[in-house]
Amino acid sequence: MKEYDLTIIGLGPTGGTLANLIALSGFSVLVLEREKSFYPLPRAVHFDDEVMRVFQTIGITKNFLKFTLINKGTKFVNSKGKVILDWPRPKKVTENGWYPSYRFNQPDLERQLRKQLKKYKKVKIQQNSEVKKIKNFKDYVKIFFTNTKSKISHEIKSKYVVGCDGANSITRSQMKTKMDNLGFTQKWAVVDLILKKNKKKLPDRTIQYSNHEQPATYCRNVGKRRRWEFAIRNKLSEKTILSEKYIWNFLSPWLKKKEAYIERKTIYTFESAISRKWRKERIFIAGDSAHLMPPFMGQGMCAGIRDVSNLAWKITYCLKNKHDNKILNTYQSERFSNVKEYIETTMRMGEFVNAVENTQITKNISSGNDGIKSMQSIKPKLGSGLGEKKDKRRGKIFPQFKLKNGKNLDDKFSVKPILLYSSDINKTLSNKFNSIDSRNIPGLLSYLNHFGVKAVIVRPDRFILSSIKSRNSFKKFLKKNSNFLV
Ligand SMILES: Cc1cc2nc3c(=O)[nH]c(=O)nc-3n(C[C@H](O)[C@H](O)[C@H](O)COP(=O)(O)OP(=O)(O)OC[C@H]3O[C@@H](n4cnc5c(N)ncnc54)[C@H](O)[C@@H]3O)c2cc1C
């Protein structure tokens with residue numbers, strides 16, 4: 001029976017990113033995907049700087065950038081057309097080294113992820129393969145799948161399995177865990193259009209039409225692509241709502257039929273839910289199979305990319321060293337509260353778009369000079385897990401510095417944590433470790449001084465594992481965790 005280091009079920013954006021992250025360390029990966037090609041209906045159009053940093057790690061940004069557009073932000077408009085809230089995304093590079101927000105077309109990303117995977121000899125992608133059953137054993141997992149064309153069944157062994165198999169995840173049901181419904185369930189139509197000619201009158205920003213009668217969203221996407229989403233508040237059939245007549249009537253305030261093609265259209269039930277368990281022994285779930293949120297903040301796929309960025313280096317660590325339950329358990333404990341905050345904020349945004357009175361989307365809302373309220377993006381830290389609770393920097397994102405030679409710090413490390421130290425940490429201690437002296441990173445010493453620390457240990461997912469105040473605390477860290485650095 002064939003055996004792999006990791007088997008990934010589902011080749012959506014979550015599975016494709018995870019396969020790339022694991023392949024960086026040279027481990028064997030099998031990806032089982034039920035479908036022959038990409039999901040054909042409208043889905044993600046937005047991602048953020050933190051996610052672009054993961055794409056940088058796997059090496060796709062250079063090619064993928066061509067298919068993106070820097071997003072200027074969102075305005076919320078009431079039924080009288082008045083702006084009632086602004087969510088600006090200024091064109092300014094953030095601590096992650098990228099712009100805060102990008103627009104894209106999900107199939108373009110999936111294409112880049114697959115293209116990149118072709119570079120790895122030890123990655124095998126098997127399409128038309130539907131997973132039917134997954135069974136945990138002490139040192140491995142058995143996966144049973146069927147070829148959807150020939151109907152022939154197969155079984156393979158794998159050291160770990162990650163189900164990136166979307167909302168109706170077989171992996172989640174094999175783990176015998178449940179999704180908790182967090183309370184937002186609403187039917188919306190989603191229509192993707194391609195303009196025949198550019199239309200300057202259409203907004204350059206995302207517009208959320210906060211209107212009790214007809215909540216709706218407009219997205220300015222890449223090139224001539226535009227999207228409208230609208231809540232379904234009537235009892236008409238799906239067929240009627242998706243008819244040309246109904247759609248063009250809805251679009252009439254903005255567009256005439258002769259000005260654009262309808263590329264794709266569908267009706268979704270937007271949901272908010274989170275799985276109780278994300279791991280059972282050697283089986284994990286990530287992305288939509290672990291959580292669902294409505295698309296108002298454009299964070300569903302981003303959350304899945306964050307999941308696998310967190311999980312990949314922990315699985316890599318176990319493959320290189322030994323199976324470590326403690327580390328693997330921190331996947332859920334660190335990710336759960338982070339994604340829950342995104343789901344809950346998105347739900348409040350959904351209520352705001354539905355014009356539910358007194359909805360406060362986040363605490364980060366201030367009044368601008370023009371009297372319009374302005375909202376800032378949330379950046380939840382990781383839940384408890386690796387590192388010390390009392391360490392205030394632990395679990396926060398570490399900025400992407402530039403090295404003295406102008407290269408990006410992230411491009412120096414991607415599979416194991418790194419120690420970034422000032423000269424106060426004895427060099428002999430750090431020499432054998434994966435480390436960089438702060439003298440090679442302009443601005444790092446001021447960063448360390450600002451937080452009163454002598455060194456930081458940064459994880460491959462770019463979060464801080466530990467901040468070190470003295471040589472003694474560094475020695476203490478090493479006693480427990482030196483494996484991370486060698
Ligand atoms: C209208 C809309 C707009 C959205 N906008 C955004 C946005 O702007 N930004 C954002 O971040 N997110 C957005 N999202 C969410 C985003 O599209 C999803 O979160 C994302 O696609 C989830 O990726 P995934 O890889 O986890 O799952 P999926 O993309 O669903 O992939 C799962 C894969 O698993 C395969 N599979 C399933 N079962 C099996 C099996 N038994 N065996 C083998 N293979 C299997 C499927 O064929 C599929 O290819 C939006 C969603 C919608 C509906």
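Helix α8 contributes the most to the shell around the ligand, supplying four residues. The model described here is predicted. In this model, α8 also packs against helix α9, with an angle of about 170° between them.

**Ligand shell**
- The ligand is surrounded by 36 residues, and the closest are G10, G12, G166, G287 and G300.
- At least two residues of the shell come from each of α1 (13-23), β3 (46-48), β9 (129-136) and α8 (300-320).
- By class, the shell around the ligand comprises 17 nonpolar, twelve polar and seven charged residues.

**Packing of α8 and α9**
- The axes of α8 and α9 (residues 325-353) lie 10 Å apart, at an angle of about 170°.
- Angles over 145 degrees count as roughly antiparallel, and α8 and α9 are therefore roughly antiparallel to each other.
- On the α8 side, the contact is made by A303, R306, D307, N310, L311, K314, Y317 and C318.
- On the α9 side, I327, L328, Y331, E334, R335, N338, V339 and Y342 take part in the contact.
- The contact of α8 with α9 contains nine nonpolar, two polar and five charged residues.

**Overall form of the chain**
- The chain contains twelve helices and 25 strands.
- A compact globule of 486 residues would have a radius of gyration near 23 Å, and the chain agrees with this because its own value is 23 Å.
- The C-alpha trace of the chain extends about 70 × 65 × 40 Å along its principal axes.
- Of the 486 residues in the chain, 42% are buried.
- Among contacts in the chain with a separation of 6 or more, 69% are between residues 24 or more positions apart.

How values were computed: Residues numbered from 1 in each chain as written. Predicted model: local features only at pLDDT ≥ 70, side-chain atom pairs only at ≥ 80, totals over all residues. Near = placed C-beta within 6 Å. Nonpolar A, V, L, I, M, F, W, Y, C, P; charged D, E, K, R; others polar. Axes fitted to C-alpha atoms, helices over the stretch in contact; angles between N-to-C directions. Parallel < 35°, antiparallel > 145°, perpendicular 65-115°, else oblique. Contact = placed C-beta atoms within 7 Å. Rg over C-alpha atoms; globule rule 2.2 N^0.38 Å. Buried ≥ 20, exposed ≤ 12 C-beta atoms within 10 Å, placed from the backbone.
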